[in-house]
Amino acid sequence: MKDILYKYLSKWTSLDQKDQQAIVNEIHVEEYPKGTVLFNQGDNPTACYFILKGCVRKYSIDEGGREVTSNFFTEEQAIAMFNHHKQDKSSDYTFVCVEDSVMVVGDLDKEMDMYKKHPQLEFMTRRMVEENLGQVQDEFASFIASSPEERVKTLLNKRPFLIDRVPQHQLASYLGITPESLSRIKKRIL
């Protein structure tokens, strides 16, 4: 799994091998079984994550008590909470492992110390967040303007691996449709 870390450090920084090794040696990697809740809606997160292997679902409970899935994170994606604007710093979402997963775990209390020690790591993190934010904005704009069938087609084109890795009712929630509609649309398309 460390080869993925080296790949990212090489992609996002100009660090030499010695400096990359120093960062990798300080990074904590953890395994989580399927069903593990990383943190619940209402919790104050103390960690951020980078997925090396596995799938994590992001969802919230709406006023009617329904689970609403808003994203799935898979290999080489980061899970970070941007809730610093909130007074209580609590999460609006629950994050749960859909599969057995292996992740880099960053302690938010030690984040600034790591950045001071390894300035290139802060630069890398910022660039990754900027790229991810751009993708999320594009996906959101596309999602709002598309029909349910177009959403399923987009999923099949951009993230087809989710079909086999995620329960259909969670995919349907993510797409903003019922499981029955998802089933009908998949039959029509496929």
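This report walks through a predicted model, from the whole chain down to single residues.

## Ground rules

Because the model is predicted, local features need pLDDT of at least 70 and side-chain atom pairs count only at pLDDT 80 or more, while totals for chains, interfaces and linings use all residues. Residues are numbered from 1 along each chain as its sequence is written, and side-chain values use heavy atoms, with hydrogens and water left out.

## The chain as a whole

Let us start with the overall fold. The chain holds eight helices and eight strands; these are DSSP runs, helices being H or I with at least four residues and strands E with at least two, numbered from the N terminus. The C-alpha trace spans about 55 × 35 × 30 Å along its principal axes.

Of contacts between residues at least 6 apart in sequence, 69% join residues at least 24 apart, where contact means heavy atoms within 4.5 Å. Buried residues account for 39% of the 190; buried means under 20% relative accessible area, exposed over 50%, and partly exposed in between (1.4 Å probe, protein chains only).

## Surface and charge

The chain exposes about 11400 Å², and carbon and sulfur atoms supply 51% of that area. Accessible areas come from the Shrake-Rupley method with a 1.4 Å probe; for residues, only the protein chains shown count as cover.

The 25 positive and 29 negative charges have mean positions 5 Å apart. Lys and Arg count as positive and Asp and Glu as negative, with His and the chain ends not counted; each charge is placed at NZ of Lys, CZ of Arg, CG of Asp or CD of Glu.

Helix H4 covers residues 119–145, and its 27 residues reach 40 Å from first C-alpha to last, close to the expected 39 Å. That expectation is 1.5 Å times one less than the number of residues. Leu-121, Met-124 and Met-128 are buried in H4. An α-helix has 3.6 residues a turn, so residues three or four places apart point the same way.

Helix H7 (residues 168–175) is largely enclosed by the rest of the structure, because six of its eight residues are buried. Those six are Gln-170, Leu-171, Ala-172, Ser-173, Tyr-174 and Leu-175. They pack against E4, E5, H4, helix H5 (148–158), helix H6 (162–165) and helix H8 (179–189). After H7 comes Gly-176, with a positive phi near 75°.

## Residues worth a look

In helix H1 (residues 2–12) you will find Tyr-6, which is partly exposed at a relative accessible area of 22%. Beyond residues up to four places away in sequence, Tyr-6 touches Gln-20, Gln-21 and Val-24. Lys-7 also lies in H1 and is partly exposed, at 45%.

Ser-60 sits in strand E4 (residues 56–61) and counts as buried at 16% relative accessibility. Leaving aside neighbours within four places in sequence, Ser-60 contacts Gln-41, Arg-66, Glu-67, Val-68, Asp-92 and Tyr-93. Glu-76 belongs to the loop between strands E5 (67–73) and E6 (78–79). Glu-76 has a phi near 65°, a positive value in a residue other than glycine, and is partly exposed at 27% relative accessible area.
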